[in-house]
Amino acid sequence: MHSSPHQVGDVMTRAVVAVGREAPFKDIVERMEQWKVSALPVLEGDGRVIGVVSEADLLPKEEFRDSDPDPCTQLRRLSDLAKAGAVSAEELMSTPAVTVHTDATLAEAARIMALRRVKRLPVVSTGGVLEGVVSRGDLLKVFLRPDNELADEIRRDVVDVLFPAPIEPVHIMVTDGVATLTGRVGESARIPLATRMVRGVEGVVGVDCRLTAADAE
């Protein structure tokens with residue numbers, strides 16, 4: 001029985017394009033264009049991630065190509081001005097790299113992306129060696145799970161656990177990711193817990209819990 005892909009390792013892309021610290025500016029741009037990615041991990045030695053070069057790191061070269069910033073702008077954007085004159089990955093990269101481990105949950109990865117305002121995260125081992133890359137799109141793959149698969153998991157991991165002997169059968173219907181639960185159970189206190197647990201199933205878009213309880217009548 002298939003279960004929810006709760007971890008980054010379940011959805012990440014394992015075939016990753018990367019560059020070394022000596023990679024020239026033009027080679028970085030060419031690889032981004034060829035592989036249709038917006039950022040590249042920078043590696044050294046046995047594949048340890050030492051930084052990331054993104055499109056944002058490359059743009060200052062174009063932005064400041066024909067401009068002479070005033071002193072205030074120079075002080076405020078020292079890092080961007082330095083990158084405008086950079087010619088290699090080592091000079092361009094943001095370091096230390098914002099990374100995530102394979103056993104991180106999808107929610108943890110999503111929070112890191114939101115807080116650090118990045119679209120992709122290198123996935124590394126405990127030693128910092130590159131194992132893959134996870135993108136925003138990868139995190140959204142769980143919403144492609146079939147409705148019947150979601151219903152099976154809700155039955156197995158929620159309903160059968162919380163309501164092993166319902167007064168009336170609990171029916172589960174999932175349509176476009178929205179789970180609807182109907183039926184009559186014994187304890188009203190478990191109904192809010194069931195709603196939270198169903199909402200936590202990877203791929204569920206929404207929950208409409210219509211369960212009633214005998215002890216509330």
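Which residues line the second largest pocket? In this predicted model, the lining consists of F25, V29, M32, E33, K36, V37, E55, L58, L59, K61, E62 and R65. The second largest pocket holds about 190 Å³ of space. Two helices, α2 (25-35) and α3, each supply at least two residues of its lining. Helix α3 gives the most, with 5 residues. By class, the lining of this pocket has 6 nonpolar, no polar and 6 charged residues.

The space in the largest pocket is about 390 Å³. Its lining counts 19 residues. Nearest the centre of the largest pocket lie A39, V52, S54, R117 and V118. The lining divides into 9 nonpolar, 3 polar and 7 charged residues.

Now take the strands, starting with β2. Strand β1 (residues 19-20) pairs with β2 in the parallel sense, over 2 bridges. In that pairing, V19 stands opposite V42 of β2. Strand β2 also pairs with β3 (residues 48-54). Here the two strands run antiparallel, and 6 bridges join them. E44 has R48 in β3 as its bridge partner. Together β2 and β3 form a hairpin, with 3 residues between the strands. G45 sits in the turn and has a positive phi of about 60 degrees.

Next comes β5. How many of the residues of β5 are buried? The count is 4 of 5, so β5 is mostly covered, with buried meaning under 20% relative accessible area. Strand β4 (residues 100-101) pairs with β5 in the parallel sense, over 2 bridges. H101 has V124 in β5 as its bridge partner. Strand β6 (residues 130-135) runs antiparallel to β5, and 5 bridges join the two. Across that pairing, V123 stands opposite G132 in β6. A hairpin is formed by β5 and β6, with 5 residues between them. G128 lies in the turn of this hairpin, with a positive phi of about 85 degrees.

The model has 1 cavity of 30 Å³ or more. The volume of the largest cavity is about 40 Å³. Which strands each supply at least two residues of its lining? They are β2 (39-44) and β5 (120-124). The lining is made up of A39, L40, P41, V52, R120, L121, P122 and V133. By class, that gives 7 nonpolar, no polar and 1 charged residues.

The last stop is helix α10. Within α10 (residues 190-199), the residues I191, A194, T195 and V198 are buried. Why do these four residues lie on the same side of α10? They cover an arc of only 100 degrees around the axis, and therefore share one side of the helix. What covers the buried residues of α10? The cover includes helix α9 (147-162) and the strands β8 (178-185) and β9 (206-213).

Terms used: Residues numbered from 1 in each chain as written. Predicted model: local features only at pLDDT ≥ 70, side-chain atom pairs only at ≥ 80, totals over all residues. Heavy atoms only, no water. 1 Å grid on protein atoms, 1.4 Å probe; cavity = no way out; pocket = protein on both sides within 12 Å on 5 of 7 lines; lining within 4 Å. Points joined across faces, edges and corners; volume = space filled by probe spheres on them. Nonpolar A, V, L, I, M, F, W, Y, C, P; charged D, E, K, R; others polar. Buried < 20%, exposed > 50% of the residue type's maximum accessible area, 1.4 Å probe, protein only. Arc of directions from axis to C-beta. Contact = heavy atoms within 4.5 Å. Pairing = 2+ DSSP bridges.
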